[in-house]
Amino acid sequence: MRYAQGGGLTDAGRAARERIRLQAAERFERGEKNREIAAALQVSERSVERWRRQWRERGEAGVLSKGSPGRPRLSEKQVAKLERELERGPLVHGWVDQRWTLARVKTLFGRLFHVSYTVEGTWRLLKRHGWSWQQPARRAIERDDDAVDLWKKEVWPRVRAPRRPAADGSSSRTRPVSR
């Protein structure tokens, strides 16, 4: 089965699929045929064949869910160590300023644990453990709140205005609309 870009099953979806496989395992024990099981569970015969093979090799454990394919590769102990290192700050780890960027945290993963994450994966791991992006402690002196409010009220609605409806056209590239 193919999923949308970045797709896959949610935890609830995986649990539902696992229940179907467990129902199939019960039917394997009763000696039902693949075709009957596929029809009853509304799945393909190929899936039932694959499940039966896994069930024969490993029993019920063979049809259980393997969990999320995107599960974190860092143990809880490693995450605790990472948090301690992040709290020590970037200067301690060789960067010239006090800003943690996702690229820097990604590099830190590699240095500490010899694990490679994508920048997006780094963000997700940090978010999952309660970290968030840094926000400036104070606003820029140059900021003009009145100008920002004016822009939001007058300019943004014009920029964001809906597009004009398309006019009737012709499916022919060479002839204009016929009458």
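**View A. Glu32, in the loop between helices α1 and α2.** Let's start in that loop, where Glu32 is found between α1 and α2. Everything shown here and below comes from a predicted model. Glu32 has a relative accessible area of 18%, and since buried means under 20%, Glu32 counts as buried. Its side chain has a partner too: a polar contact of 3.1 Å joins Glu32 to the side chain of Arg30.

**View B. The two sides of helix α2.** Move on to α2, which runs over residues 34-41. Which of its residues are buried? They are Asn34, Ile37, Ala38 and Leu41. These four cover an arc of only 100 degrees around the axis, so they sit on the same side of α2. Here's the general idea: an α-helix has 3.6 residues a turn, so residues three or four places apart point the same way. Look to the other side of α2 and you'll find Arg35 and Ala39, both exposed.

**View C. Phe28 and Trp55, a tilted aromatic pair.** Across the whole structure, a search turns up 4 aromatic pairs. In this one, the ring centres of Phe28 and Trp55 are 5.3 Å apart and the planes meet at 50 degrees, which is why the pair is called tilted. Phe28 belongs to helix α1 (residues 11-29) and Trp55 to helix α3 (residues 45-58), so the pair ties together parts that are 27 residues apart in sequence. Both Phe28 and Trp55 are buried.

View D. Buried or exposed, what is Trp95? Trp95 is buried, at a relative accessible area of 16%. Trp100 counts as buried as well, at 16% relative accessibility. Trp95 has a further neighbour in this view: the charged end of Arg111 sits over the Trp95 ring, 4.8 Å from the ring centre.

View E. Our last stop is α7, a helix of 15 residues covering 145-159. How far does α7 reach from its first C-alpha to its last? The span is 20 Å, close to the 21 Å expected at 1.5 Å a residue. Still, α7 has a bend of about 40 degrees at Lys152.

Methods. Residues numbered from 1 in each chain as written. Predicted model: local features only at pLDDT ≥ 70, side-chain atom pairs only at ≥ 80, totals over all residues. Heavy atoms only, no water. Expected span 1.5 Å × (residues − 1). Bend = angle between axes of the 7 residues up to and from the residue. Phe/Tyr/Trp six-rings, centres within 6.5 Å; stacked < 30°, edge-to-face > 60°. Buried < 20%, exposed > 50% of the residue type's maximum accessible area, 1.4 Å probe, protein only. Lys NZ or Arg CZ within 6 Å of the ring centre and 35° of its normal. Arc of directions from axis to C-beta. Polar contact = N/O pair within 3.5 Å; in protein donor to acceptor, adjacent residues only side chain to side chain.
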